[in-house]
Amino acid sequence: MDQEIQQFVQAVLIASHPSPGPLLQQALEYLSALQENADETWRLALTVFVDMGPEGRKYPSQARFYALRILEEYFGNRFEPLDEESFHALRQSILSYLQSEYVYGSAESDAPFLRNKFSHTLSMFFLCTYAEQWPTFFTDLFSLIRLGESSSQPAYNHHVSLFLFHLIMEISGEVADQTLKSARPFIPARHARDARVRDAVRERDAPLINEAVLTIIADSVERIAALRGSNEPSQELAAAVELADYGVRTFGSYVGWIDINLTVTPTTVPLLFSLLSDPSLAIRLATSGALLRIVSKGLKEPEDKLQLIKVLSLGQVIDALEAKTRAEQVERGSMKDEGEESYREALGKLLNILGLEVAKLAEECPKQAISSEASKLLEQIFPVTLRFMADEYDDTCSTIFPLLQTILANFKRSRKVSTDPLNDSRRSFLRALLQVILQKMKWDDEEDPSDMDEEDMAAFDGLRKELRLFMDSVLAIDHDLVTQAVQTLALNTLSAYRNGVSLEWFDAELAVYLVFIFGEINKSGGKGRAAFCLAPALPKEKRKEVDYSEYPLTSHGEMLLALVQSEISAYPHPLVVMQFFETVARYGDFFKIRKECMMPVLKAMIDSRGLHSADTAVRSRTYYLFHRFIREGRNDISQELSVNLIEGIRDLLAIQIDLPTLDNPEDDILTEAIKNPGLFDSQLYLFETVGTLISLLSKTPEQQASTLLSVVTPLLDDLSANLQLAKGGKDVMPILRVHHILMALGNTAKGFPDFPSVMPEGYVAPPLDVFRQVAQAILLSLEAMNIFKAVRDATRYAFARIIATTGSNVTHLIPPLMANLLAHFEPSELVDFMNFIGLLIHKLQKELFDVLDELIGPLSAHITQLLSQPVSGTDDSMAHADTKRAYLGLLTSIMSSDLHAIFISERNKATFEPLLENMQRLAENVADPTSQKAAFAFFGRCVQVWCQPEQEALASDRHQPQGLPGFERFVYDRLVPVAFAVLSSPQLNTKDGQVMMVLIEISNFLQTICKTRGQECYNFFVSVFLPSQNWPQETATDFTTKLRELDNKAFRKYFTEFVRASRSQVAS
């Protein structure tokens, strides 16, 4: 064996100090093989771990650690007793090792990591042998603890005691820790063995274990007291504290699974309470953990649980300790003590569990006497719960959140079943809780938000959201209590600021925040203007005639009026100002009833507080909020004010370009700069807002045109200059600037209203000549730079918005636009391009006929070829699905927009039949219900257009042919059989929601055929098709009658139920 041991040790040393090469791989494979064959190699491992040399342990600590891994593998996979010879060898070696290393040795002082590893290994051996082979396990080990009688020395061996504590905690974890058990695979044999061991410990040794642990704790406590009162070396005191700490932890590890009568006694309770206030932080934390486990221990009878809680009287103890630690906290001032704060956190957790257990008794116990007494106990801990809630440290405060949620949920349930008013105790609690919530909603006075990272900001936002949930719960119990408290605090703070009282920034910010959330809190308020003033309900068309300033304000209206009149937007702190902007932008309807409040807000937004702020973050967010505010209030903005606002922000319309820092040098800087545009992303809102303001000048078209021209001309000049610079393509900045200018021009157009499809009376068109000039410039930039995807993308974006504003007035530019977009084309652009075409169809309708007539053939051929390619990988599959969805959407848009003649035009008629065949294949494919549904929708529209009977066909132009001779035969011979083949497919899953949508589309398709072809269709189904499918005559007649007589909704319902019933009959 010596040679094998040396080989093993050498392999471990190689693996412990790895260097690349075949030797390392061989060592790892060898060690892995030893571990996998632990049934045969455990003796080698045992020898390596326990053998002694002349100067201590014979083998290196790394080898001994790996030896324990092999032994763990051996013990961990055994759920039955060991053979006697192996058991005795192991038992004797372990006891000898303990004697030499822990009783008389240094307890692995040179390799302390081996202590925990060995205690876990021994716990594995214990699980294998205790129940049937080593019943004296604890007796044998406890015999090693006691030292000789000496008043100056500890009574118990320190090393052995600590080892036994670790061992018992390991055993408790293995047999009773549900977290540990749930984290590993469930093995019935292990589960049964652990249960046997747990029961055996309870029957045989639980009293012995408990007595030994408590005795050592008590002895350590006495020794600590003696050492603290003398001048003994601090090392001895530290050792005694360590022993007491681990002793209490050990006690806490088993209190949950052994008899409560052993752990809660007249001796243990005073001992634990004395330790709960011990000077040693470690001991206090361990004690609070042990008490938490005692309180949360499950007991069968509610009487026993209530008695346990009363015996402990923990509420009073925690109350006193909270007061003591809070006083110490105040005394420390700004000096934070992490350790002491962790103790308050532990006390909060203990209170939380105590409260939850009491609340469970109060709410769930059917015995009235117990429930009533538990309710009283719960009310007794309300004050200390509130004090923990008010703790300045969020980690401590949040410890009682679950208890608070439970209390409030119980209150809400009580309110639902009873109309009686809240009793004084509960109402007082809610009032105090609400004050704590409002106080906790403030920013920390010591925090500087400008120095906080995103994680800290998100943590505060998360805390506010949780506090809002508590506020909502109180709101559900007592609505008026919350609304009055919030309104009073906000109005008092705003009034104080208006009157010149100096406010801290966090008080000011909270007041504005409360106005911001009041709309969510005051859910009983009306909608729109009614949320802010008590005006009668009026039809929409008459609202402009009403002077809402004559009507009194609601509570929320009063708060918003006070907000504006207080001029708190001038407060010199960015968070206060930004919260003000967020609030006024959120409640735009208020400014429709108090129009005089609009100007102070606009002034604040435009000056250095908002759009002109030196803070980039403030500026960026205000771009959006200003846009939102203008959009909401545009009907109340005069032409003069529009011009003034445009002049006030004109200097901000210079394109802002930010180049990102590349994480990977191989990334394309242009692509990354477009993905992460920085401030420009928000600046686009400003261009849209300018467009909105210019659109308000419609009463003076010349002024509107000149103002628009004054805004776009600098952009067009910049565009022209950068086209020259970008020709080489080497410098990213000109290309990026061209992209940004195109986006800005598009967003300026977006600010205008959409061009109407039906021209209303008195309509004033936007400055079409200016927009034509802009569109022409964009097209020229595309012609010059169509090799750049960024420019193609921006051009599509800009043109889509210009067309939405101008309608068909720039249609003459569409053919060259398409030609240049397709001159250089990447597959990733295909979906966006088809969506762009769909938008043009929607806006331009027949005006797009010639363009589509030329485009649809090559586009369909390209997409058909693309979709026929094999799919590899998730990204490829998603791109394939997106392309198919966009293509089907495009085809349906063409059919629905009366542009269907392009499919049968002279240019495209040769590809019409292949197109129909492709669509038929999609309709047949049960594996792709989304495309299947779209295909049947397409065919339904085809039937409406091309299946009109000849006698009903109307004379029309080439764009709207009615009826396609022979198309009905295609429907009867090909499409109807496909529809019914889908219904009978074995792969059709009628429980799938997407499949149900396909069935509905098929039902629509069948009804469309019958409504279009009339009696001919009914005769076809009754006399030809359904009999050919072996349908009984009665069933065929009934189905056809329903198809003819039911409305669309009723037939869909009948059809889906019919299909389900038919498939169920076939299956049975």
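This is a walk through one protein chain, from its overall form to a few single residues.

The structure is a predicted model, in which local features need pLDDT of at least 70 and side-chain atom pairs count only at pLDDT 80 or more, while totals for chains, interfaces and linings use all residues. Residues are numbered from 1 along each chain as its sequence is written, and side-chain values use heavy atoms, with hydrogens and water left out.

Let us begin with the whole chain. Its secondary structure comes to 49 helices and 2 strands; helices (H or I, at least four residues) and strands (E, at least two) are DSSP runs, numbered from the N terminus. The chain has a radius of gyration of 40 Å, well over the 31 Å that the globule rule gives for 1068 residues, so it is more spread out than a compact globule. That radius is taken over C-alpha atoms, and the globule rule is 2.2 Å times the number of residues to the power 0.38. Along the principal axes, the C-alpha trace spans about 120 × 85 × 70 Å.

How much of the chain is buried? Buried residues make up 49% of the 1068 residues, where buried means under 20% relative accessible area, exposed means over 50%, and partly exposed lies in between (1.4 Å probe, protein chains only). The accessible surface comes to about 50,200 Å², and 51% of it belongs to carbon and sulfur atoms; such areas come from the Shrake-Rupley method with a 1.4 Å probe, and for residues only the protein chains shown count as cover. Among the contacts (heavy atoms within 4.5 Å) with a separation of 6 or more, 72% are between residues 24 or more positions apart.

M389 leads us to helix α20, where M389 is one of the buried residues, along with F382, V384, T385, L386 and F388. Not counting residues up to four places away in sequence, M389 touches C397, I400, F401, L404, L433, V436, I437, K440, L467 and F470. L386, at 11% relative accessibility, counts as buried. Beyond its neighbours within four places in sequence, L386 is in contact with F429, A432, L433 and V436. The C-alpha atoms of L386 and F429 are separated by 8.3 Å, although the two are 43 residues apart along the chain. T385 has 0% relative accessibility and counts as buried; leaving aside neighbours within four places, T385 is in contact with L351, I400, L403 and L404.

Another helix worth a visit is α36 (residues 732-750). At 1.5 Å a residue, its 19 residues should span 27 Å, and its end C-alpha atoms are 27 Å apart, which agrees. The expected span is 1.5 Å times one less than the number of residues. In α36, 16 of the 19 residues are buried, so the helix is largely enclosed by the rest of the structure. D731 caps its N-terminal end, with a side-chain oxygen 3.2 Å from the backbone nitrogen of M733.

Next comes helix α42, which holds K884. What joins the side chains of K884 and D928? The link is a polar contact of 2.8 Å. A polar contact is a pair of N or O atoms within 3.5 Å; within protein, one must be able to donate a hydrogen and the other to accept it, and residues adjacent in sequence count only if both atoms are side-chain atoms. K884 counts as buried, at 12% relative accessibility.

D898, in the loop between α42 (874-896) and α43 (912-924), has a positive phi of about 60 degrees although it is not a glycine. At 24% relative accessibility, D898 counts as partly exposed. N1030, in the loop between α47 (1015-1028) and α48 (1033-1045), has a positive phi of about 65 degrees and is not a glycine either. N1030 counts as exposed, at 69% relative accessibility.
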